[in-house]
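Hi,

Here is the structure I promised to pass on.

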Amino acid sequence: MPAIFAFTCTCCGKLHEGSPSFAFNAPDHYANLTEEQKARIGKLNSDVCTIAHEDRTDYFIRTILEIPIEGVAEPFTWGVWVSLSKKSFERYLDTYDTPVEGEGFFGWLCNAIPNYPSGPSSRPTDVIVQLNRQRPKLLLHRGEQETDPLVIDQHQGISVARAQSLAEQAMHR
Ligand SMILES: [Zn+2]
């Protein structure tokens, strides 16, 4: 029987109820800009972001990275940004109000998630469009011999204890 996730926090002593959910307001590339750069070359809203460099423009969208929790109905979720090609970004905007079920785009994960290694490079992903105004879901690509804990967690799921530990560190770090 799927259960509701809840735990008494070892950091603050409160009962935290519901599957943990954390989100980034912007891709790291945007967050790392100076205020002057954000105003001059950046554009950001709750779903999309662009950065207009002199030689190119970078395109980002916000997505949902789900990590299943063993025995719990709702997954642990991270609201994260991925970079898309110009073509994919334009297609995403063109179909924003009329998404095509199952459509996907290749993207690179653009946030460093707390308590996971940042990795040697950005992580490759598939962005899967959702209906009913849900943000797209992110599927991390798996390597032949996968060693990235984030990828392993998404594909294998995590224990309740690990979910609690990750949530505590994300909330109270
Ligand atoms: Zn707490």
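Predicted model: local features only at pLDDT ≥ 70, side-chain atom pairs only at ≥ 80, totals over all residues.

Which residues lie nearest the centre of the largest pocket? Tyr92, Tyr96, Gln130, Arg133 and Gln134 do, out of 13 lining residues. Sorted by class, its lining is made up of 5 nonpolar, 4 polar and 4 charged residues.

Arginine 133 sits in the loop between β9 and β10 (137-140), and with a relative accessible area of 65% it is exposed, since the cut-off for that is over 50%. So what you have here is an exposed residue that is also among those nearest the centre of the largest pocket.

You will find asparagine 115 in the loop between β8 (104-109) and β9 (124-128). Its relative accessible area is 39%, so it counts as partly exposed.

Now for the metal. Which atoms hold the zinc ion? The protein donors are the SG atoms of Cys9 and Cys12 and the NE2 atoms of His16 and His172, at 2.1 to 2.3 Å from the ion. The angles among the 4 donor atoms run from 102 to 121°, and the site is tetrahedral. Along the sequence the donor residues follow the spacing C-x2-C-x3-H-x155-H. Cysteine 12 is in the loop between β1 (6-8) and β2 (15-17), while histidine 172 belongs to helix α5 (residues 160-172), so this pair ties together parts that are 160 residues apart in sequence. As for accessibility, cysteine 12 is partly exposed at 34%, and histidine 172 is partly exposed at 34%.

Two buried residues are next on my list. Isoleucine 41 is part of helix α2 (residues 35-41). Its relative accessibility is 16%, so it counts as buried; the limit is under 20%. Setting aside neighbours within four places in sequence, isoleucine 41 makes contact with Leu33, Thr50, Ile51, Ala52 and His53. If you want a distance to check, the C-alpha atoms of isoleucine 41 and threonine 57 are 9.1 Å apart, with the two residues 16 apart along the chain.

The other one is serine 83, in strand β7 (residues 76-84). Is it buried or exposed? At 17% relative accessibility, serine 83 counts as buried. Leaving out residues up to four places away in sequence, serine 83 touches Tyr59, Phe60, Phe106, Gly107, Trp108 and Cys110.

Last, glycine 104, which is in strand β8. It counts as partly exposed, at 42% relative accessibility. Not counting residues up to four places away in sequence, glycine 104 touches Val127 and Ile128. From glycine 104 to serine 83 the C-alpha distance is 13 Å, and the two are 21 residues apart in sequence.

That is what I have for now. Over to you!

Cheers

Conventions
Residues numbered from 1 in each chain as written. Heavy atoms only, no water. 1 Å grid on protein atoms, 1.4 Å probe; cavity = no way out; pocket = protein on both sides within 12 Å on 5 of 7 lines; lining within 4 Å. Nonpolar A, V, L, I, M, F, W, Y, C, P; charged D, E, K, R; others polar. Donors = N, O, S within 2.8 Å, 3.2 Å for Na, K, Ca; no water. Tetrahedral: all angles 85-135°; square planar, octahedral: opposite > 155°, others 65-115°. Helix = DSSP H or I, 4+ residues; strand = E, 2+ residues; numbered from the N terminus. Buried < 20%, exposed > 50% of the residue type's maximum accessible area, 1.4 Å probe, protein only. Contact = heavy atoms within 4.5 Å.
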